[in-house]
Amino acid sequence: DKLVHRDDQIRDIAKCWVDVLDGVTPSNVTLYGKTGTGKTAASKFAREQLLEIAQKKNVFVKVEYIRCTDYTTEYQVIAQLCQKLGRDVPHRGWTKAEVVNTFRDIFRTNAFGKKLILIVILDEIDILLNKDGDGILYTLTRTDNVSILSISNFLDFKGLIKSRVTSSLNDKEIVFPPYGANQLTDILNEKANMAFNEGVVESDVIPLCSAMAAKEEGDARFALDLLKTSGFIAEEEGSNTIKSEHVRMAKD
């Protein structure tokens, strides 16, 4: 329900997507940042907020999340989008042109009986571009009523995109800086209050987890894994509290 220290980035995504509420296809967006800086969480948080408001305003928008580690080619991504939009398209066996035409036909024929705006979240897009080129971006940017939110761990991923596609993409860029130790402490405190009984986490545990994670390029996932693993180790040892020694064992 809450994303600590990412209000600015969520607000920036919302500014890009707000046009949807007036029935206008929003601008494309690219989120940059190291692993564990909240890019995926922020985009999913913004998605839920947008869908909730769109439903109240009777605006027909779909926001589909695609993890590019699972769908690594243009064919697979478009086939998956077709599936999510109600078209029975196999994940192999058709030509790429058949799949793309089926996808575009959903928008051309007004398949849902009213205007559909589709926002596609492509997480870890650099993996797809490395393997299969920039065809997916060309297809999506040349399809009416489709907007893209790309997520990348690498600032230079656009080096994988041809100039004609970059021009079509014309995206707004949002950077997610690494979390500092104090920010990680706030994140862990919130999670610890949800996860553990009162008094279980000793006072030096969260600052230690945060300091260790800050050295790992501010990776919040690393900090959360440290705290979680520390809890498992304490439980296995029969300890009633999580201590700093458990954190060091978890790090090892």
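How many aromatic pairs does the count come to? The count comes to 3 aromatic pairs. The model is predicted.

**Aromatic pairs**

A pair of aromatic rings is described by the distance of the centres and the angle of the planes. The table gives both values.

| Pair | Centre to centre | Angle between planes | Class |
|---|---|---|---|
| Y32 and F157 | 5.8 Å | 55° | tilted |
| F60 and F112 | 5.2 Å | 70° | edge-to-face |

Take Y32 and F157. Y32 sits in strand β1, residues 29-33. F157 belongs to the loop between β4 (146-152) and α7 (163-169). The pair therefore ties together parts that are 125 residues apart in sequence. Are these two residues buried or exposed? Both Y32 and F157 are buried.

Now F60 and F112. The planes of these rings stand at 70°, so the pair counts as edge-to-face; the cut-off for that class is over 60 degrees. F60 is found in the loop between α2 and β2 (61-67). F112 is found in the loop between α4 (96-108) and β3 (117-123). This pair therefore links parts 52 residues apart in sequence. F112 is partly exposed, at a relative accessible area of 32%.

**Helix α1 against helix α2**

Helix α1 spans residues 7-17 and helix α2 spans residues 39-56. Their axes come within 9 Å and cross at roughly 50°. That angle makes α1 oblique to α2. The crossing of α1 past α2 is right-handed.

Which residues meet here? From α1 come I10, I13 and W17. From α2 come A42, S43, F45, A46, R47 and L50. By class, the contact has 7 nonpolar, 1 polar and 1 charged residues.

The relative accessible area of E124 is 23%, so E124 counts as partly exposed.

Where does N145 lie? N145 lies in the loop between α6 (135-141) and β4. At 21% relative accessibility, N145 is partly exposed. The reason is the cut-off: buried means under 20%, and N145 has 21%.

Note on methods: Residues numbered from 1 in each chain as written. Predicted model: local features only at pLDDT ≥ 70, side-chain atom pairs only at ≥ 80, totals over all residues. Heavy atoms only, no water. Axes fitted to C-alpha atoms, helices over the stretch in contact; angles between N-to-C directions. Helix = DSSP H or I, 4+ residues; strand = E, 2+ residues; numbered from the N terminus. Parallel < 35°, antiparallel > 145°, perpendicular 65-115°, else oblique. Left-handed = near helix turned anticlockwise from the far one by under 90°. Contact = heavy atoms within 4.5 Å. Nonpolar A, V, L, I, M, F, W, Y, C, P; charged D, E, K, R; others polar. Phe/Tyr/Trp six-rings, centres within 6.5 Å; stacked < 30°, edge-to-face > 60°. Buried < 20%, exposed > 50% of the residue type's maximum accessible area, 1.4 Å probe, protein only.
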